[in-house]
Amino acid sequence: MNCTAPENNRVSPSIPIDPKILYYGMPVILVTTLNQDGTSNISPLSSSWALGHNLVLGMGFGGKCIENVQRTPQLVINVPDASLWRQVEKLAPLTGKHPVPDYKAQAGFQYEPDKFNAAGLTPVPSIAVAPARIAECPIQIECEVRNVTIPEYASFFAIVETQAQSIHAHPGIMAGGSHVDPSKWNPLIYNFRHYFGLSPALGHTYRAET
Ligand SMILES: Cc1cc2nc3c(=O)[nH]c(=O)nc-3n(C[C@H](O)[C@H](O)[C@H](O)COP(=O)(O)O)c2cc1C
């Protein structure tokens, strides 16, 4: 697939569009939360941002993820690399919610209580929180949930504010010390509902230390 932007992109006039979705290129995260029975659920999300060690997630209502967070305000942000896209896609039509809400059933979702098994992923106990981490994900961020807000203008999702408590990484993506080596880390990008890895590096910011 040729993803090179046309030469004249910068000077082309824009046109108004009405896209069905606006995932314009976000890293995929696999959020683990605690089920009632003490096992962990996995939910693929792409709505997240970080400022310092504070991470904010956009979570749809009606799913198991927000239900679990409201009962036990802890979660793990497991960050898959591009090689894990097939496992992520195995999780895509599954929900831990039983019964499956109508709107999810209409979208083809099926109930799955054991998503680790369904996707061939391995749970490992966390240090600071109750939900398990996902061993295969090169970055795992254990978080306490600090605040859940339901926007007045859109009650179908929640803004979930979290704070990192304990952060883990595979040694293979590290540059030494606490620095992740960006040339070894290839996050999985959700780009208008298609999965991508990163293209070769273009440069770095003046603050880069690696
Ligand atoms: C790549 C990908 C990204 C997604 N991003 C989000 C998201 O940012 N927020 C959200 O609420 N759901 C998102 N979803 C949909 C949830 O994964 C889906 O609602 C699923 O049912 C959640 O599982 P659960 O009901 O067991 O929590 C995404 C799905 C995929 C495959």
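**Close-up views of a predicted chain**

**View 1. R193 sits in the loop that links β15 to β16.** Strands here are DSSP runs of E with at least two residues, and helices are runs of H or I with at least four residues, both numbered from the N terminus. Please keep in mind that this is a predicted model, in which local features need pLDDT of at least 70, side-chain atom pairs count only at pLDDT 80 or more, and totals for chains, interfaces and linings use all residues. Residues are numbered from 1 along each chain as its sequence is written, and side-chain values use heavy atoms, leaving out hydrogens and water. R193 is not a glycine, yet its phi is positive, at about 70°. F192 is found in the loop between β15 (189-191) and β16 (194-196), and this non-glycine residue also has a positive phi, near 50°. With a relative accessibility of 39%, F192 counts as partly exposed; R193, at 49%, counts as partly exposed too. The classes run as follows: buried is under 20% relative accessible area, exposed is over 50%, and partly exposed is in between (1.4 Å probe, protein chains only).

**View 2. A cis peptide bond joins H98 to P99.** Its omega is about 0°. P99 belongs to the loop between β7 (94-95) and α3 (102-106), and V100 can be found in the loop between β7 and α3 as well. V100 is partly exposed, its relative accessible area being 21%. Leaving out residues up to four places away in sequence, V100 touches T95, A105, F109, Q110 and Y111; a contact means heavy atoms within 4.5 Å.

**View 3. V76 is a buried residue, with 0% relative accessibility.** Look for V76 in strand β6, which covers residues 74-79. Once neighbours within four places in sequence are set aside, V76 has contacts that include L30, V31 and T32. Its other partners include S126, V129, P131, A132 and R133, along with Q140, I141 and E142. A154, by contrast, is 25 Å from V76, C-alpha to C-alpha, and 78 residues away in sequence.

**View 4. Stepping back, the chain shows four helices and 16 strands.** Its radius of gyration, taken over C-alpha atoms, is 18 Å, close to the 17 Å from the globule rule for 210 residues, so the chain is as compact as a globular protein of that length. That rule is 2.2 Å times the number of residues to the power 0.38. Along the principal axes, the C-alpha atoms fill a box of roughly 55 × 45 × 35 Å. Of the 210 residues, 38% are buried. Among contacts between residues at least 6 apart in sequence, 60% join residues at least 24 apart.

**View 5. The UniProt record lists residues 24-198 as "domain: Flavin reductase like", in an unreviewed entry.** Positions from UniProt follow the numbering used here, feature names are shortened, and annotations may be inferred rather than shown by experiment. Over residues 24-198, the chain is 14% helix and 43% strand. The end C-alpha atoms of this stretch are 14 Å apart.
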